[in-house]
Amino acid sequence: MEGNGAAAGGTRRPWSICRQSAGAPLAAAGSMSIRAVLDRVFSAVDASGPRPVLAIGNGDPTASACFRPPLEAEEAVVEALRSRKHNGYSPCVGVLPARRAIAEYLSRDLPYQLSRDDIYLTSGCCQAIDVMISILAQPGSNILLPKPGFPLYESRTMFSNLEDRHFNLIPDRGWEADLESVEALADENTVAMVIVNPSNPCGSVYSHDHLAKIAETARKLGIIIIADEVYDHLAFGNKPFIPMGIFADIVPVITVGSISKRWLVPGWRLGWIAMCDLNGILKEAKVDKLIESYINITNDPATFIQGAVPQIIANTKEDYFMKILNLLRNSADLCYGKIKETRGITCPHKPEGSMFVMAKLDLSCLDGIQDDLDFCCRLAKEESVIVLPGSALGMKDWIRITFAMDMPTLENALERIKSFCQRHAKLEA
Ligand SMILES: *Cc1c(COP(=O)(O)O)cnc(C)c1O
């Protein structure tokens, strides 16, 4: 057969749609996403199996009926929509009342007041991350990321050619950051370090003392902190949630967050960037202008959701948040207890926040299991249970479990994991 379409009349150049140089980093970055890894695990499920698939791998609690948004938030959205005031485009930084409401919301936990000008609305916390990585990525620069962490940071830095360097979170110290390795990793080309607190995937909550040490370390190194606080206030253990922004007098902090997790509405896509810049260091570096320039050329959250933000925040009652914290505490306890009675997996730190826990596989107890991906795929095939392989988060031979779901489903899934481990237990010699 004739190639290159020459038969259609004359010669032409070959199509040059996606150059290798552009496509390769994107393909590599895309294959690292949690969704891509979970798709792989899902494909191992025996579709003809008799039991329903129980997915405790991804982080969308809305699948469980008990994790519903507050009625007040739903009503705020309906009202915003019906008002017909929010059908147009919004300013790219977000509508003023919503920026003001978020500034006030965040300032409740700070020793100073953020102004509405410090707040930029984004399409979920994901876009806040996208904006920050995009503006920080300069040739030759690097950024310090926690390991384990949230893989969007790795994918996004890879796509922007920003070098990522990883500091460890230490399981036996409540997943605190190894600040000695932070100091060893940083150099004059380091632009920022990322802290996720409360932590996805570790379920840890940092103390005031540890946050202060992080702030001091960053100041000494001359790097800003990006504080991912998308799980703000989802702390149900002994430690309260403390925002990194309280240390903004020591180090510039850029807080990213959203209503996705605390209000259980990840589909509403409303997030923010907050500049906690008490000493004007970010402004001097024109970070505010860079954020504005970048969001000028991207998209904004839907205007009617922005329009609803002041009422969502004002009308949601403390009772609602307490109810959700109780649900999370109970399911975290169940999860921790069940893992404890399962030979072959251990959990070094009881979850005290967020919706996740990391558990370590003890492959010496499990017969013929190669690694975490093998564990997850076989578990999917034999038990129709989906958990996330730790290697998706840089933690080989660990798994991440989501406990934000109704107790019967969670218990059922953990029982299946237990019988899987029993079935594959290595016989004592
Ligand atoms: C869920 C999550 C995000 C993204 O939040 P959205 O508001 O859904 O975009 C960002 N960071 C971490 C650590 C998360 O778990």
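In the predicted model described here, a backbone N or O atom of C126 lies 2.8 Å from an oxygen atom of the ligand, a polar contact (a pair of N or O atoms within 3.5 Å; within protein, one must be able to donate a hydrogen and the other to accept it, and residues adjacent in sequence count only if both atoms are side-chain atoms). The model is a prediction in which local features need pLDDT of at least 70 and side-chain atom pairs count only at pLDDT 80 or more, whereas totals for chains, interfaces and linings use all residues. Residues are numbered from 1 along each chain as its sequence is written, and side-chain values use heavy atoms, with hydrogens and water left out.

A polar side-chain atom of D228 is placed 2.7 Å from a ligand nitrogen atom. In the side chain of Y231, an N or O atom lies 2.7 Å from an oxygen atom of the ligand. Of the 390 Å² of accessible area that the ligand has on its own, the protein covers 94%; accessible areas come from the Shrake-Rupley method with a 1.4 Å probe, and for residues only the protein chains shown count as cover.

The ligand is surrounded by 14 residues, of which the closest are D228, Y231, S258, S260 and K261; a residue belongs to these surroundings if one of its heavy atoms lies within 4 Å of the ligand. This shell divides into seven nonpolar, four polar and three charged residues. Here Ala, Val, Leu, Ile, Met, Phe, Trp, Tyr, Cys and Pro count as nonpolar, Asp, Glu, Lys and Arg as charged, and the others, Gly among them, as polar. Helix α5 (residues 124-136) gives the most to the shell, with four residues. Helices (H or I, at least four residues) and strands (E, at least two) are DSSP runs, numbered from the N terminus.

The space taken by the ligand is the largest pocket. On a 1 Å grid over the protein atoms alone, a pocket is an open set of points where a 1.4 Å probe fits, with protein on both sides within 12 Å along at least five of seven lines. A molecule sits in a pocket if more than half of its atoms lie within 2 Å of its grid points.

Two cis peptide bonds are described next. One runs from K147 to P148, with omega near 5°, and P148 is placed in the loop between β3 (142-147) and α6 (152-159). Another joins N197 and P198, with omega about -15°; P198 is found in the loop between β6 (190-196) and α8 (208-221).

For K286, phi is near 60°, and the residue lies in the loop between α9 (281-284) and α10 (287-296). K286 is exposed, with a relative accessible area of 51%, since exposed means over 50%, buried under 20% and partly exposed in between (1.4 Å probe, protein chains only). For D397, phi is near 65°. D397 occupies the loop between β13 (388-389) and β14 (398-402) and is buried, at 17% relative accessible area.

Two further pairs of residues are separated along the chain. D371, in the loop between β11 (356-361) and α13 (372-383), is partly exposed at 22% relative accessibility. K338 belongs to helix α12 (residues 318-340) and counts as buried at 11% relative accessibility. K338 and L414 are 76 residues apart in sequence, yet 6.5 Å apart from C-alpha to C-alpha.

Notes:
1 Å grid on protein atoms, 1.4 Å probe; cavity = no way out; pocket = protein on both sides within 12 Å on 5 of 7 lines; lining within 4 Å.
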